[in-house]
Protein chains: 2
Amino acid sequence: MMTANETALAYWTAAEARDWAGFAALLAENVVYELPQTRERIRGRDAYLRFNIEYPADWHAKVERVVGDGRHAATWTRFTVDAAEQDALSFFEFDADGLISRITDFWPEPYEPPAGREHLVERY
Amino acid sequence: MMTANETALAYWTAAEARDWAGFAALLAENVVYELPQTRERIRGRDAYLRFNIEYPADWHAKVERVVGDGRHAATWTRFTVDAAEQDALSFFEFDADGLISRITDFWPEPYEPPAGREHLVERY
């Protein structure tokens, strides 16, 4: 059985390769995918596969960080979506068979820094 | 020496308690804090402590998830800032002494779900 860390990496490798059979093989049949920012939820491997296959953009993912620990993992991924850069943060839960049972995704957007902390901060 | 998991939890416990001495004791002197959304960077324990102590809002943090693995950890925290709810995602790096040497924070905001995936998605 793969570790949490290995499975999270395999998930992104399969997604980037559009290897949907390999991607599906990592998912529990009753996987739940949640997007807290939009309060959207997708239930089940079939619907979640379709969501990914149908996604209407040309995207590429590069894993910046993966942290795995027993039945949990987290990844920080840099996406290129059409011409734009976008970070994605994903939290994974695994079932007893090592399959992904829950994914919670966050897609933070750039914003202007609040005033009042320029004395502590540099921009990069 | 605490594990990555334990140190990440202790960081949030100290922050929530405004135990700034305990908080500082977890940080490497040359800690770097980065906010990719605003491209802000804070260098050093003293500046990062001031940033937290001076933060101009009444906030409370509840840890939803912590994942730790060797010299890395990730946390998902639910914040209440004044009356608003806000998720925070934090990626930690640790030095050889187990001190936090780098923190990368993301603060995703709600957004409207894109059209075209209603057949796959429920709202919650």
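You're looking at a predicted model, by the way.

**The sheet around that pair**

Go back to S4(A) and follow it with its neighbours on either side. With S3(A) it pairs in the antiparallel sense, over 10 bridges.

S3(A) and S4(A) make a hairpin with two residues between them. Zoom in on the turn and click Gly70(A), which has a positive phi of about 60°. It sits in the loop between strand S3 (59–69) and strand S4 (72–81) of chain A. Is Gly70(A) buried or exposed? It is exposed, because there are 12 other C-beta atoms within 10 Å of it, and a residue counts as exposed at 12 or fewer.

Click Trp76(A) and you'll find Leu89(A) opposite it in S5(A). S4(A) and S5(A) also form a hairpin with two residues between them. In this turn, the residue with a positive phi, about 50°, is Asp82(A).

If you show side chains along these strands, keep a general rule in mind: in a regular strand the side chains alternate between the two faces of the sheet.

**Step back to chain A as a whole**

Select all of chain A. How many helices and strands does it have? There are three helices and seven strands, and along the sequence they follow the pattern α-α-β-β-α-β-β-β-β-β. The C-alpha atoms fill a box of roughly 50 × 35 × 25 Å along the principal axes. Of its 124 residues, 28% count as buried.

One to click: Arg123(A), whose bridge partner in S2(B) is Glu40(B). This takes you into another open sheet of seven strands, in the order S7(A)-S2(B)-S1(B)-S6(B)-S5(B)-S4(B)-S3(B), again with mixed pairing. S7 of chain A and S3 of chain B stand at its edges with a single partner strand each, so one side of each has no neighbour in the sheet.

Inside this sheet, look at S5(B) and strand S6 (residues 100–106) of chain B, which run antiparallel and are joined by six bridges. Ser90(B) stands opposite Asp105(B) in S6(B). Then show helix H1 (residues 4–16) of chain B: it lies across S3, S4, S5 and S6 of chain B, and runs at about 175° to S3(B).

**Where the chains meet**

Colour the two chains differently and select the contact between them. It takes 38 residues from chain B and 38 from chain A. On the chain B side, the elements that each supply at least two residues include helix H3 (45–53) and strand S4 (72–81). That side divides into 20 nonpolar, six polar and 12 charged residues. Which surface do the copies use? They meet through the same surface, since 100% of the interface residues of chain B are also interface residues in chain A.

For a core residue, click Ala73(B). Of the 48 residues in the largest nonpolar core, Ala73(A) and Ala73(B) touch the most other members. Beyond its close sequence neighbours (those within four places), Ala73(B) contacts residues including Val67(A), Ala4(B) and Phe92(B).

**Last stop: the axis**

Chain B can be laid on chain A by a turn of 180° and a shift of 0.0 Å along the axis, with an RMSD of 0.0 Å. That is the relation of a two-fold axis. To find the axis from chain B, select Pro108(B): its C-alpha is the nearest one in that chain, 2.1 Å away.

Technical notes. Residues are numbered from 1 along each chain as its sequence is written. Chains are lettered from A and ligands numbered from 1 in the order in which they are written. This is a predicted model: local features need pLDDT of at least 70, side-chain atom pairs count only at pLDDT 80 or more; totals for chains, interfaces and linings use all residues. Copies are superposed by least squares on the C-alpha atoms of residues with pLDDT of at least 70 in both. Two residues are in contact if their C-beta atoms, placed from the backbone, lie within 7 Å. Helices (H or I, at least four residues) and strands (E, at least two) are DSSP runs, numbered from the N terminus. A residue is buried if 20 or more other C-beta atoms lie within 10 Å of its own, exposed if 12 or fewer, and partly exposed in between; C-beta atoms are placed from the backbone. A nonpolar core is a set of buried Ala, Val, Leu, Ile, Met, Phe, Trp, Tyr and Cys residues joined through C-beta atoms within 7 Å. Ala, Val, Leu, Ile, Met, Phe, Trp, Tyr, Cys and Pro count as nonpolar, Asp, Glu, Lys and Arg as charged, and the others, Gly among them, as polar. Two strands pair if DSSP finds at least two bridges between them. Axes are lines fitted to C-alpha atoms, for helices over the stretch in contact, and angles run from 0 to 180 degrees between N-to-C directions.
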